[in-house]
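Please look at the sequence and the 3D structure below before reading the report.

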Amino acid sequence: MSRQALDELKRQIPLLDYLQAHDWQPARQLSRGRLMGLCLLHSDHKPSFLVDPSKSLFYCYGCGRGGDVIRFAELYHQVKFPQALALLQQWRGWPPLLHEAAGFYRIQLHRYGDAVAYLHQRGVRSPELIEHMRIGYAPGGGCLRRWLTLLGYPLPALLQAGLVTAIGYDAYMHRIVFPLEGNLYGRSLSASAPPHRFLPGAKGGLYGWEQVRRFPDVILVEGLFDYAVLWQAGFHNVTCALGNHLNAYQFRQLCDGMRTVYLTFDVDANGSGQQASQSLACRLRARGITARCVVLPDGHDPNSFFVQGGEARQFQALLEAAQP
Ligand SMILES: [Zn+2]
């Protein structure tokens, strides 16, 4: 990224806006409009975090760290410079290009019988769910590229977003597409292609977190198809980590309030899912969050549990039986 592009990004994201969006509040005002509050980067008890909104700079007298909004994003999300840039770009708003692409994919879904059949096979049936998750379908070839070009998007922008490959094809082909916060997840219909794909950039936070964070009990699953069947079965307090390893941002989200988290990862033959939930449960408890590990019948994930006839009340019983 060029010096000018960095300056432009910083101009578009004032540090104070970004801090306030992460629940920072000034405790008092100092001279020349500067503000002092608790530090979000260390466990702070008396306000030691100084913000100068006119310069968009911060400095903490407690942990000795300071800088601009990019530096803050690096430290807060515990990521390196390029990931911090990606997170800030996402935060600035879903790029219109991805929004158009997701809209195009949604229109395609009902035109392709094999896509709808695949959703049925994975237990996704209700139109409300498809609407809620904004599920789409990427047929491939060059139809997305043609559509976006018609709308006036230049090819380099499509390449940069990862929507089109270097040789000019649509990057997602025969994939069910789920819009995420600043990315698109594509699940392949064909067994010969890699099953899971994301566009370049971060996978973002927990899926649908804003709608879930107010629940006192939260069910955490690995995959979007697990999320889908639970939501359809009436468990609207479900969220998804897109894998069984949480990034620093997702972990921080889970810890942003008092709650009980039901860890419902896949039961893998090699024990990796069980290990991941045990270690996450420990880390959550260390932060004062109640964690319970839900034990599914052998070889099942929440998706297969419901696809093979499991009912909401049976899943509820598994939640109640979950061990702290
Ligand atoms: Zn600090």
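## Basis of the report

This is a predicted model, in which local features need pLDDT of at least 70 and side-chain atom pairs count only at pLDDT 80 or more, while totals for chains, interfaces and linings use all residues. Residues are numbered from 1 along each chain as its sequence is written, and side-chain values use heavy atoms, with hydrogens and water left out.

Helices (H or I, at least four residues) and strands (E, at least two) are DSSP runs, numbered from the N terminus.

## A four-stranded sheet

Strands of a sheet pair through backbone hydrogen bonds, either parallel or antiparallel. Four strands form an open sheet in the order β6-β7-β8-β9, and the pairing is antiparallel. Two strands count as paired if DSSP finds at least two bridges between them. The edges are β6 (136-138) and β9 (196-198); each has a single partner strand, so one side of each has no neighbour in the sheet. From one strand to the next, the twist averages 30°.

Three bridges link β8 (residues 183-188) to β9 in the antiparallel sense. G186 has R197 of β9 as its bridge partner. Helix α5 (residues 96-109) packs on the sheet and touches β6, β7 (175-180) and β8, and its direction makes about 95° with that of β6. Helix α11 (residues 224-232) lies across β7 and β8, at about 80° to β7. For these angles, axes are lines fitted to C-alpha atoms, for helices over the stretch in contact, and angles run from 0 to 180 degrees between N-to-C directions.

## Nonpolar cores

A nonpolar core is a set of buried Ala, Val, Leu, Ile, Met, Phe, Trp, Tyr and Cys residues joined through side-chain atoms within 4.5 Å. Buried means under 20% relative accessible area, exposed over 50%, and partly exposed in between (1.4 Å probe, protein chains only). The largest core has 37 residues, of which M133, I135, I176, I219, L224 and F315 touch the most other members. At least two residues each come from several elements, including β10 (217-221), β11 (238-240) and α15 (312-321). Helix α11 gives the most to this core, with seven residues.

Leaving out residues up to four places away in sequence, F315 touches I219, L230, F235, T264, L296, F305 and F306. Another core, of 24 residues, lies apart from the largest one; L6, A73, Y76 and L85 are among its members.

## A buried arginine

Where does R122 lie? R122 is in the loop between α6 (113-121) and α7 (127-133). R122 is buried but has no salt bridge, and D301, the nearest side chain of opposite charge, is 5.4 Å away. A salt bridge is a side-chain nitrogen of Lys or Arg within 4 Å of a carboxyl oxygen of Asp or Glu. Lys and Arg count as positive and Asp and Glu as negative; His and the chain ends are not counted.

Apart from neighbours within four places in sequence, R122 is in contact (heavy atoms within 4.5 Å) with R187, F225, V229, N303 and V307.

Strands β12 (residues 260-264) and β13 run parallel and are joined by four bridges. Y262 stands opposite R292 in β13. In β13 (residues 290-293), A291 and C293 make up the covered face, whereas T290 and R292 make up the uncovered one.

S56 is not a glycine, yet its phi is positive, about 55°. S56 lies in the loop between β3 (49-52) and β4 (57-60) and counts as buried because its relative accessibility is 19%. Q78, also a residue other than glycine, has a positive phi near 55°. Q78 is in the loop between α3 (69-77) and α4 (81-91) and counts as exposed because its relative accessibility is 57%.
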